[in-house]
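Hi,

Here is the model I promised to pass on.

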Amino acid sequence: MLNLPAFCRVTGTIRPTPDSDIRFEIWLPAEWNGKFQGVGNGGFAGAISYGGLAGAIRHGYAAASTDTGHQAGGIDARWALGHPEKIADYGWRAIHEMTVAAKAIVKAHYGKPASKSYFSSCSNGGRQALMEAQRFPEDYDGIIAGAPANYITRLLALMITMEKALAAPGAHIPPAKLPAIQMASLAACDTRDGVADGVVENPAGCRPDYSTLACSGAENDTCLTRPQLDALRTITGGLVDRHGKRLFPPVSFGGESEQGGWLAWITGPRLEQSAAFGFGTQFFKNMVYSDPDWDYRKFDLDRDMAAAKKKMGPVLDAVDPDLSRFERRGGKLILYHGWCDAAIPAENTINYYRSVEKKMGSKKTLGFVRLFLAPGVQHCGGGAGPSSFGQGGPSGREPENDLNAALEQWVEHGSAPERVIAAKVEQGVTVRTRPLCAYPAVAAWKGAGSTDDAANFECK
């Protein structure tokens with residue numbers, strides 16, 4: 001890596017069980033700002049996050065990362081087959097063990113402990129973040145959980161449900177038809193906020209009618225056949241049991257054909273080539289059923305999700321709404337989610353936030369939790385909407401346009417963030433800014449001035 005400041009690199013292995021092999025690294029910059037940054041992992045982990053370590057030490061933080069106890073690609077879970085302790089390491093133990101070891105090494109190296117400790121990550125890293133707040137509230141003073149896969153047993157059941165629907169005869173939706181789906185979504189919902197900008201401000205307040213896409217004549221790229229429409233209804237319907245009860249929300253709409261959208265996560269270039277197919281089948285084969293020959297086409301929602309919840313829920317799900325221990329010690333939590341996320345439904349993060357409110361009360365929740373929803377933003381970033389708001393880790397920017405800086409200001413000075421300015425950057429040039437408002441507020445155009453300028457919006 002280039003442009004790194006001078007630092008001391010410590011590598012190690014932690015073995016809390018005979019089957020554990022948690023490798024970690026701690027980077028200790030020569031010019032230390034006195035703080036510690038924990039770095040998370042995406043997918044099924046399997047590698048140390050060197051980019052996150054580099055970003056942290058460039059801004060003076062001591063930082064640590066772990067492979068969570070195995071070495072593999074992020075969609076490969078074959079390491080889990082027959083290794084329940086490795087699954088526990090991945091699920092909840094490795095990040096905590098890494099944090100405890102890192103703090104001790106930081107203290108020994110610098111002669112004093114870190115003044116504050118922070119954790120910021122997205123996707124599975126967002127799940128790790130919530131697991132820390134729920135199980136080990138003493139580990140971090142401030143936590144950012146982006147697009148958290150915290151209800152992972154239901155998320156992966158959703159992925160299999162979608163892939164099974166696409167595998168029905170004639171049901172697969174090819175890449176060439178995704179623009180038509182996105183156009184239908186935007187036509188129904190884009191202007192409901194009074195601004196025609198190719199971004200749906202609040203997808204929860206709109207439901208497109210995709211029946212208008214039905215082919216009336218010869219099939220072409222602008223219409224869907226009946227089997228494809230059936231698959232689309234399953235994708236946009238979420239998890240619904242045989243009694244009609246919704247168990248998990250659907251992925252959002254509005255960015256179906258964009259880079260990092262449905263092609264990458266749901267439909268794939270061809271059947272069984274999407275990330276959802278990889279994650280879902282790897283999970284049920286290697287973690288739930290310990291059967292490499294498990295067939296996703298025989299998936300039964302009620303039966304198989306119950307099996308996943310019973311076996312893997314206690315190990316992998318981070319859904320406990322009781323954050324009282326984290327709140328009592330002064331911890332602060334920021335949640336964020338892109339509204340166009342094709343990997344993890346944004347409504348899942350809203351549901352978790354609401355569960356904390358229900359458990360702890362709205363007033364107490366507002367004292368230590370904020371949720372920011374990013375319209376037009378894909379999984380952890382990208383998309384048609386302004387998608388740069390400091391979510392990638394320490395950046396040295398000001399709190400008004402940087403989530404990490406806003407978190408530190410909240411932890412260290414007591415100033416809670418009510419909005420953060422997000423930017424859309426193209427070829428190094430900022431072409432649009434928009435405020436992200438603390439939930440449940442949304443950005444509303446004032447009715448005058450450029451809709452590409454955050455100054456012309458207010459949070460309502």
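**What I found**

Cys122 is buried, at 14% relative accessible area (buried means under 20%, exposed over 50% and partly exposed in between, with a 1.4 Å probe and protein chains only). Before I go on: this is a predicted model, so local features need pLDDT of at least 70 and side-chain atom pairs count only at pLDDT 80 or more, while totals for chains, interfaces and linings use all residues. Residues are numbered from 1 along each chain as its sequence is written, and side-chain values use heavy atoms, with hydrogens and water left out.

Back to Cys122, which sits in strand β5 (residues 116–122). Helices here are DSSP runs of H or I with at least four residues, strands are runs of E with at least two, and numbering starts at the N terminus. Leaving out residues up to four places away in sequence, Cys122 touches Asn41, Gly146, Ala147, Tyr336 and Cys380, where contact means heavy atoms within 4.5 Å. Cys122 and Leu335 are 213 residues apart in sequence, yet their C-alpha atoms are 9.6 Å apart in space.

Ala147 lies in the loop between β6 (142–146) and α4 and is buried, at 1% relative accessible area. Its phi is positive, near 35°, and the residue is not a glycine.

Most residues other than glycine have a negative phi, and most peptide bonds are trans.

- Gln427 has a positive phi near 50° and is not a glycine. Gln427 is in the loop between β11 (419–426) and β12, and counts as exposed at 84% relative accessibility.
- Tyr439 to Pro440 is a cis peptide bond, with omega near 15°. Pro440 is in the loop between β12 and β13 (443–445).

**Helices**

How do α2 and α9 pack? Helix α2 (residues 84–110) and helix α9 (residues 301–316) meet at an angle of about 50°, with their axes 8 Å apart. The axes are lines fitted to C-alpha atoms, for helices over the stretch in contact, and angles run from 0 to 180 degrees between N-to-C directions. The pair is therefore oblique; under 35 degrees would count as roughly parallel, over 145 as roughly antiparallel, 65 to 115 as roughly perpendicular, and the rest is oblique. From α2, Ile87, Ala88, Tyr90, Gly91 and Trp92 meet Met312, Val315 and Leu316 of α9. By class, that contact has seven nonpolar residues, one polar and no charged (Ala, Val, Leu, Ile, Met, Phe, Trp, Tyr, Cys and Pro count as nonpolar, Asp, Glu, Lys and Arg as charged, and the others, Gly among them, as polar).

Also in α2 is Thr99, which is buried with a relative accessible area of 0%. Not counting residues up to four places away in sequence, Thr99 touches Phe36, Glu132, Asp139 and Tyr140.

Helix α4 (residues 152–166) has 15 residues, of which 13 are buried. End to end, α4 reaches 21 Å from its first C-alpha to its last, close to the expected 21 Å; the expected span is 1.5 Å times one less than the number of residues. Helix α8 (residues 275–288) is mostly covered as well, with 13 of its 14 residues buried.

Ile173 is in the loop between α4 and α5 and counts as buried at 0% relative accessibility. Setting aside neighbours within four places in sequence, Ile173 is in contact with Leu166, Leu178, Ile181, Gln228, Leu232 and Thr267. His172 is found in the loop between α4 and α5 (178–189) and is buried, at 18%.

**One arginine**

Arg432, in strand β12 (residues 429–437), is buried with a relative accessible area of 13%. Its side chain reaches the backbone oxygen of Asp197 at 3.5 Å. Its contacts beyond four places in sequence include Val199, Ala384, Pro386 and Asp452.

Cheers

Conventions. Polar contact = N/O pair within 3.5 Å; in protein donor to acceptor, adjacent residues only side chain to side chain.
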